[in-house]
Amino acid sequence: MKHAPLVQELIDAFTCLPGVGPRSAQRMAYWLLERNREGGNRLSEALSAAMEGVKHCEQCRNFAEETLCPVCLDTRRDQALVCIVESPADVLAIEMSGEFRGRYFVLMGHLSPIDGIGPRDIGLDALEQQVKNGSVQEIILATSTTVEGEATAHYIFDMTHGTSVSVSRIAQGVPMGGELEFVDGVTLAHALRGRQKVPHSS
Amino acid sequence: MATSELSCAAWVLHRRPYRNSSLLVDVLTESLGRLCLVARGGRRDPLLQPFRPLHIHIKGNGDLKTLVRSEAAAPALPLAGEALYCGLYINEVLMRLLHRDDPQDSLLPLYVDTLTNLTPAEAAKDVLLRNFEFRLLDILGYGFSLEHDRHGAPINPSMQYRLLSEQGLEVHPKGEFNGALLLSLAQSDWQPDVRRLARDLMRRALAPYLGAKPLASRELFRGVRRE
């Protein structure tokens with residue numbers, strides 16, 4: 001069966017979403033057209049507003065509507081303490097922990113030479129600039145523990161060589177509620193190497 | 001449906017996301033060469049990382065095989081810093097040079113030896129990379145002699161040479177490679193001049209097979225040298 005041109009275009013447009021094939025795209029399009037025109041209108045307005053208005057923060061590269069994002073504008077946060085993460089989702093995860101009062105630098109990816117992603121593609125030239133002009137005092141590397149994440153962390157560590165910036169890497173170990181038997185060997189090895197003394201309570 | 005399941009030792013060369021939580025993984029194996037596998041739910045599997053010896057079970061007949069399960073055969077190689085860049089470089093070169101399902105017997109031992117030798121901090125990494133590149137070209141049938149030119153005449157220490165791809169060295173007044181240094185390289189006498197020559201020579205030798213896009217891992221080393 002052939003769809004009306006406008007319907008077909010809507011279906012095609014939905015397939016740009018991750019995990020959405022022609023079949024689910026068709027279901028979504030029909031659902032909006034048949035039962036939820038109002039929702040559909042809201043979606044289209046929100047989409048075009050976001051696509052127009054959302055930019056990257058000039059300082060941390062996270063999504064922002066102004067030149068700086070709310071975190072970079074917040075004067076109560078320590079702007080010289082920078083946590084480096086791979087994606088906006090990572091920022092959210094760290095914010096949820098409630099432990100961190102500095103700002104972020106979002107790479108929007110990681111070094112992956114095989115895919116042609118080099119230092120410049122993840123904004124490391126901008127980070128280097130920030131390190132050089134002295135606005136950064138401490139860096140926390142929170143890239144993933146994959147080979148690419150490690151390479152990225154090392155590259156950034158190299159970059160700070162010869163500056164007074166102190167660099168740390170987030171710890172790796174046994175997850176909360178995790179039973180040792182089911183933790184993989186590499187994580188366990190890391191956890192053992194990074195073990196901490198239990199203080200005597202006085 | 002008769003799909004045979006088989007198992008072998010493998011090393012991950014490259015992984016890229018596929019659908020929600022799956023991966024397309026390129027692995028290097030001894031008997032089957034480079035393979036491309038679908039790993040369902042592979043993004044949650046911490047084992048499917050480069051530089052870690054694996055034992056994999058696969059099934060399927062076509063170009064794209066399915067990874068049934070994977071086990072760690074040994075702990076991951078502790079490549080860190082510059083050694084990690086070297087490892088990424090080796091993987092990138094292999095991804096460009098190897099065709100799928102084209103096994104080369106001596107390639108896996110060469111790969112494993114080179115990575116293992118890269119792990120100590122004091123390893124002469126450029127020498128290991130040059131040896132790897134030279135033997136890789138040899139294994140793939142693109143090798144050339146360092147002691148004889150393309151006509152079979154011995155290399156003359158007082159002459160300059162240039163490299164013709166798939167043919168070998170040739171005397172050329174404006175050639176960039178010095179005969180004496182080429183002979184030192186053939187003797188594995190790794191003095192600074194020879195190391196530089198080896199790097200340029202291998203770059204020239206690999207260029208025709210790497211394709212037009214520059215190798216991104218070379219950019220990482222540029223960062224190291226900047227210090």
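Reader: How far apart are the closest N and O atoms in the salt bridge of B:Arg96 with B:Glu92?
Author: Keep in mind that this is a predicted model. A salt bridge here needs a side-chain nitrogen of Lys or Arg within 4 Å of a carboxyl oxygen of Asp or Glu. B:Arg96 and B:Glu92 form such a pair, and their closest N and O atoms are separated by 3.5 Å.

Reader: Which helix holds B:Arg96 and B:Glu92?
Author: These two residues sit four apart, about one turn of the helix. Both belong to residues 82-97 of chain B, that is, helix 1.

Reader: Is B:Glu92 buried or exposed?
Author: Buried means under 20% relative accessible area. B:Glu92 has a value of 1%, so B:Glu92 is buried.

Reader: Which parts of chain A does the pair of A:Glu150 and A:Arg169 tie together?
Author: The side chains of A:Glu150 and A:Arg169 meet in a salt bridge, at 3.1 Å from N to O. A:Glu150 lies in residues 147-159 and A:Arg169 in residues 166-169, so the pair links parts 19 residues apart in sequence: helix 7 and strand 6.

Reader: How many salt bridges does a search of the whole structure find?
Author: Another one joins B:Asp200 and B:Arg199, with closest N and O atoms 3.4 Å apart. Some salt bridges share partners, and these join B:Arg16, B:Asp26, B:Arg34 and B:Arg100 into one network. Over all chains, the search gives 19.

Reader: Is helix 4 of chain B roughly parallel or roughly perpendicular to helix 5 of chain B?
Author: The axes of helix 4 (residues 179-186) and helix 5 (residues 192-210) of chain B come within 9 Å and cross at roughly 90 degrees. Angles of 65 to 115 degrees count as roughly perpendicular. Therefore helix 4 of chain B is, relative to helix 5 of chain B, roughly perpendicular.

Reader: How many nonpolar residues does the contact of helix 4 with helix 5 of chain B have?
Author: On the helix 4 side of chain B are B:Leu181, B:Leu182, B:Ser184 and B:Leu185. They meet B:Asp193, B:Val194, B:Leu197, B:Ala198 and B:Leu201 in helix 5 of chain B. By class, there are one polar and one charged residue, and the number of nonpolar residues is seven.

Reader: How far apart are the C-alpha centres of domain 1 and domain 2 of chain A?
Author: The domain assignment of chain A places domain 1 at 5-53 and domain 2 at 63-197. The distance between their C-alpha centres is 35 Å.

Key:
Residues numbered from 1 in each chain as written. Chains lettered and ligands numbered in written order. Predicted model: local features only at pLDDT ≥ 70, side-chain atom pairs only at ≥ 80, totals over all residues. Heavy atoms only, no water. Buried < 20%, exposed > 50% of the residue type's maximum accessible area, 1.4 Å probe, protein only. Domains from an automatic or database assignment. Axes fitted to C-alpha atoms, helices over the stretch in contact; angles between N-to-C directions. Parallel < 35°, antiparallel > 145°, perpendicular 65-115°, else oblique. Contact = heavy atoms within 4.5 Å. Nonpolar A, V, L, I, M, F, W, Y, C, P; charged D, E, K, R; others polar.
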